[in-house]
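Have the sequence and the 3D view open as you read.

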Amino acid sequence: MLAQPPDLTPDLAPDHTLDLTGAERTRILAKSALFDPPPALLPDGRRDLVGLSRAELAAAVAEIGEAPFRAKQLWHWIYHQGVTTFDLMSSIARPLQAKLAAHFVVGRPQTVMAQLSEDSTQKFLFRFRDGQEAETVYIPSPHEDRGAVCISSQVGCTLSCRFCHTGTQTLTRNLGAAEIVGQFMAARDAYAEWPGPDALKGGEAKDGQSARLLSNIVFMGMGEPLYNYVNVAKAITILMDNEGIALSRRRITLSTSGVVPMMDRAGAELGVNLAVSLHAVRDALRDEIVPLNRKYPIAELIAACRRYPGASNARRITFEYVMLKGVNDTPADAHELVRLIAGMPAKVNLIPFNPWPGSAYETSTPAVIERFAKIVMEAGFASPVRSPRGRDILAACGQLRTESRRQRSVA
Ligand code: SAH
Ligand code: SF4
């Protein structure tokens with residue numbers, strides 16, 4: 001057998017650990033189900049078709065006595081063309097359009113607020129059918145005609161990372177697949193990025209995907225996506241479907257604070273890019289600032305990253321590291337970080353801490369961040385310092401819903 005360099009050997013857990021992980025996954029999924037969103041029904045009994053899987057859509061069509069190929073047509077109009085009314089579905093005859101409209105809607109979250117930053121970052125506040133709200137941010141790339149839509153997966157969060165404003169809000173509920181996909185679809189509406197006469201004709205990007213301003217999705221808004229796995233996975237499956245929005249898995253990034261058992265499942269089932277919110281390299285500190293670490297400590301988290309499938313130099317795992325002045329920003333921290341991720345296809349995003357009203361931390365100075373970045377880079381890892389975007393509209397990481405809530409309480 002060919003000997004592998006030790007740092008590239010997948011760190012596979014022994015069988016009994018896998019059993020424990022399976023039990024832990026069941027527990028997480030059961031707990032998550034308690035926070036499920038209400039069913040997507042209008043008061044008049046009509047059902048929202050957005051967020052249904054292909055099989056569920058086929059069943060809904062069958063229930064009203066229509067042929068299965070109608071589901072395929074609907075999928076195309078809803079997710080490829082982006083239309084929101086049945087009368088625009090020109091391949092469907094008028095009487096059937098009317099019948100569909102009597103039973104169904106093609107929903108969108110309501111846009112309560114849209115704020116444009118000086119740097120073109122755009123923040124949306126969306127309201128869902130039961131009145132709950134979540135924020136979505138579009139972050140354009142400064143140099144290219146592309147950008148990432150930062151999506152929320154929950155209203156609030158059960159975790160309470162010390163530096164994160166979402167962490168001060170308890171979890172109200174999970175977002176449903178319709179609400180997750182709906183954030184992206186509503187953002188696309190705002191940028192007229194559906195095919196059709198009003199669409200931007202961007203041609204093709206390098207990876208064969210159509211060139212679009214809203215080219216990528218990152219699950220870095222409110223909430224912990226791996227504590228809402230079922231809905232997030234369903235939404236991702238819809239977003240990647242080739243006959244609809246057709247985003248490639250390379251353009252979708254799940255960010256997690258380290259829900260180890262669900263990382264394995266996400267890797268096996270979805271294969272999207274993984275970002276891990278590390279933020280500290282020793283358990284004592286990580287226990288304090290990312291309390292989930294008490295359940296899944298650093299060694300387990302790093303082992304889960306090493307076995308995450310599909311990671312390669314072209315598809316590196318991103319480690320997010322928020323720079324907190326005097327807390328986690330020393331050269332010794334940088335050296336330990338490099339030791340932890342040695343041999344892994346990885347990059348390190350250094351995020352200057354974004355303060356929010358009442359937060360207990362300060363951002364490390366630019367010189368300290370530079371010193372940290374240099375150590376990581378010299379060890380062979382890209383270590384970009386994320387420039388804060390949308391600061392003037394409080395659209396930066398960990399600040400979502402702060403300002404909109406404050407504005408409301410003043411109003
Ligand atoms: N719950 C997931 C995804 C949402 S948070 C997670 O924790 O990964 C997205 C990223 O923003 C995480 O890396 C998070 O740690 C970071 N973040 C949260 N609050 C922040 C703040 N005030 N300043 C900078 N980054 C922050
Ligand atoms: Fe939740 Fe992520 Fe904020 Fe932690 S950093 S409280 S996991 S949203």
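## Ground rules

Axes are lines fitted to C-alpha atoms, for helices over the stretch in contact, and angles run from 0 to 180 degrees between N-to-C directions. Helices (H or I, at least four residues) and strands (E, at least two) are DSSP runs, numbered from the N terminus.

This is a predicted model, in which local features need pLDDT of at least 70 and side-chain atom pairs count only at pLDDT 80 or more, while totals for chains, interfaces and linings use all residues. Residues are numbered from 1 along each chain as its sequence is written, chains are lettered from A and ligands numbered from 1 in the order in which they are written, and side-chain values use heavy atoms, with hydrogens and water left out.

## Two helix pairs

Two packed helices are described by the angle between their axes and the distance between the axes. Helix α10 (residues 331-341) packs with α11 at an angle of about 25°, their axes 9 Å apart. The two are therefore roughly parallel to each other; angles under 35 degrees count as roughly parallel, over 145 as roughly antiparallel, 65 to 115 as roughly perpendicular and the rest as oblique. On the α10 side, P331, D333, A334, H335, L337 and V338 meet R371, F372, I375 and V376 of α11, where contact means heavy atoms within 4.5 Å. This contact has 7 nonpolar, 1 polar and 2 charged residues. Here Ala, Val, Leu, Ile, Met, Phe, Trp, Tyr, Cys and Pro count as nonpolar, Asp, Glu, Lys and Arg as charged, and the others, Gly among them, as polar.

The other pair is α5 and helix α6 (residues 229-240), with an angle of about 45° and axes 8 Å apart. That makes α5 oblique to α6. From α5, A177, I180, V181 and F184 meet N231, V232, K234, A235, I238 and L239 in α6. The residues of this contact divide into 8 nonpolar, 1 polar and 1 charged.

## The sheet

An open sheet of 9 strands runs in the order β3-β4-β5-β6-β9-β10-β11-β12-β13, with mixed pairing; two strands pair if DSSP finds at least two bridges between them. β3 (110-116) and β13 (346-352) stand at the edges, each with a single partner strand, so one side of each is left without a neighbour in the sheet. The twist averages 20° from one strand to the next.

Inside the sheet, β10 (residues 252-256) and β11 (residues 273-277) run parallel and are joined by 4 bridges. S255 stands opposite A275 in β11. Helix α11 (residues 366-378) lies across β12 (317-323) and β13, at about 180° to β13.

Which residues are around ligand 2? They are C157, L159, C161, C164, G167, G223 and S257, each with a heavy atom within 4 Å of the ligand. By class, this shell has 4 nonpolar, 3 polar and no charged residues.

Most residues other than glycine have a negative phi. A246, in the loop between α6 and β10, has a positive phi near 55°. H279, in the loop between β11 and α8 (283-289), has a positive phi of about 65°.
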